[in-house]
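Student: Could you go through this one with me? I'd like to start with the overall fold and then look at one helix.

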Amino acid sequence: MRDIAIIGAGVVGCSIARELSKYKLNIIVIDKNKDVAEGISKGNSGIIHAGYNEKENTLKTKLNLEGNQMMESLSEELDFKFKRNGALILAFSEEDIDRLNYLKSNGEKLGVTELELIEKEEILKLEPSINKNVIKALHAKTSGIVSPYEMTIAFAENAAQNGVEFNLGKEVLNITKENESYNITLNDGQVVNTKMIINASGLNGAKLNNLVSEHKYEITPVKGEYCLFDKIAGTMCEKTLFQVPSKLGKGVLITPTVEGNLLLGPNAKANDSIRTSRKGIDEIIEKGQKTIAELPLNRVLSTFSGLRPKIEGEDFIIEEAKDAKNFINVIGIDSPGLTAAPAIGGFIAQLLKNKIDLEKKQEFISKRKGITRFNELSLEEKNALIAKNPSYGKMVCKCELVTEGEVIEAINRPLGAKTTDGVKRRTRAMMGGCQGIGCMITIGNILSRELKLDISQIDKNDDLSQAFGYKEN
């Protein structure tokens, strides 16, 4: 019997898994996807929010501020990229200025530090590409950026290093109570018996709660669409550029990514499809041009969308179901969920200390080394690595300068890549100008060889997304 089953391998589930792996517990993480970070966690803005827009006495505020403050140390411990680049919230009218004044005072009341109102001259000195119609801005200096899927993978790998088992590609069909434990039935017929369930399943959070509790929830998927620009466009700004937020959300932003691209989006539409639309992309471009009038649309590499789990009420739901002992809901985790994720892990650990005996491991491994980034090494380091392992001397992705050695490493790491998208998120291969046209088949062949599968069995991301429509002789 397991001590804890965490359902959901997104950034929240993996953060909880990593935090609880510090204790002597038998933990399993279950997710219907074949990889971690395949849901909400791969399709968002990657912003570590300062917290000025939240409300008093909410979990969102508490966990946003705590998570924001944890990022430097976590990025060092777990070796993922984080940049505290700061954000500008831009005012283009007198009404906007009133809102900026409110956001500054609200943020300071909540405990957000380093908030400053700045005038047009200083704004344009900081960010010359901003639309010259800007009149004032709130400078939130504690805002930052990460790669959301890189951060998720880092949490997951470290949790696996510390003994957490991941059962991926398995969908939960049913949950039943048996005496003091739960039986979780998976789509392959497997039944997982566990003393406790942590429901961190994102868009499916309400569905799983409703299997065991009479207190029903409903989650509405809200789609946000994005444009990703290349690294030439990525030089257009250094800070994350927001417009004044509305009741619907933080609005369309423009931000550099930690890898040097430029990101535009999202809009917000109640929709459960992740297909982008011409109408939606046109909408975010039009709104984005209010921030940067001369957006380089010829530099768009890709468009994509992600879904956010909206739930009734304005706060996260992190609590034990009142009529289902040891069933812990972590649901309705929309923005600022990415920022809050590490703090949610700590919050869950504190919650469990009131329920079970948590004994710390003496042998906990706190540090995780990320994948080799060959392109970021010095010439001496590159030559030494090639001498040791010649596969690092074979270039696979010429756009992002990713080597065969990195692809092999991505496949053979803890929770290694099993799909082309898994390789992409771990190495950045196929994320450059050709979007995989020049390297996807080579990567498929490497996956086939390393996993001992025919190339026709290699998927893009799931069993319904066969990546290669041929069989090699």
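This is a predicted model: local features need pLDDT of at least 70, side-chain atom pairs count only at pLDDT 80 or more; totals for chains, interfaces and linings use all residues.

Student: How many helices and strands does the protein have?

Tutor: The secondary structure comprises 12 helices and 22 strands. The radius of gyration is 22 Å, close to the 23 Å that the globule rule gives for 473 residues, so the protein is as compact as a globular protein of that length.

Student: And what box do the C-alpha atoms fill?

Tutor: Along the principal axes, the C-alpha atoms fill a box of roughly 65 × 60 × 45 Å.

Student: What share of the residues counts as buried?

Tutor: Of the 473 residues, 56% count as buried, and the accessible surface comes to about 20,800 Å², with 48% of that area belonging to carbon and sulfur atoms.

Student: Switching to contacts, what part comes from residues 24 or more positions apart?

Tutor: Among contacts with a separation of 6 or more, such residues account for 71%.

Student: What about charges, how many positive and negative side chains are there?

Tutor: There are 64 positive and 65 negative side chains, and the centres of these two sets lie 2 Å apart.

Student: Now the helix: is H10 mostly covered or uncovered?

Tutor: Helix H10, which spans residues 404-412, is mostly covered, with eight of its nine residues buried. Those buried residues include Glu 404, Glu 406 and Glu 409, along with Val 407 and Ile 408.

Student: Which elements do they pack against?

Tutor: The buried residues of H10 pack against strands E21 (395-397) and E22 (402-403), and also against helices H11 (420-427) and H12 (440-451).

Key
Residues are numbered from 1 along each chain as its sequence is written. Side-chain values use heavy atoms; hydrogens and water are left out. Helices (H or I, at least four residues) and strands (E, at least two) are DSSP runs, numbered from the N terminus. The radius of gyration is taken over C-alpha atoms; the globule rule is 2.2 Å times the number of residues to the power 0.38. Buried means under 20% relative accessible area, exposed over 50%, partly exposed in between (1.4 Å probe, protein chains only). Contact means heavy atoms within 4.5 Å. Accessible areas come from the Shrake-Rupley method with a 1.4 Å probe; for residues, only the protein chains shown count as cover. Lys and Arg count as positive and Asp and Glu as negative; His and the chain ends are not counted. The place of a charge is taken as NZ of Lys, CZ of Arg, CG of Asp or CD of Glu.
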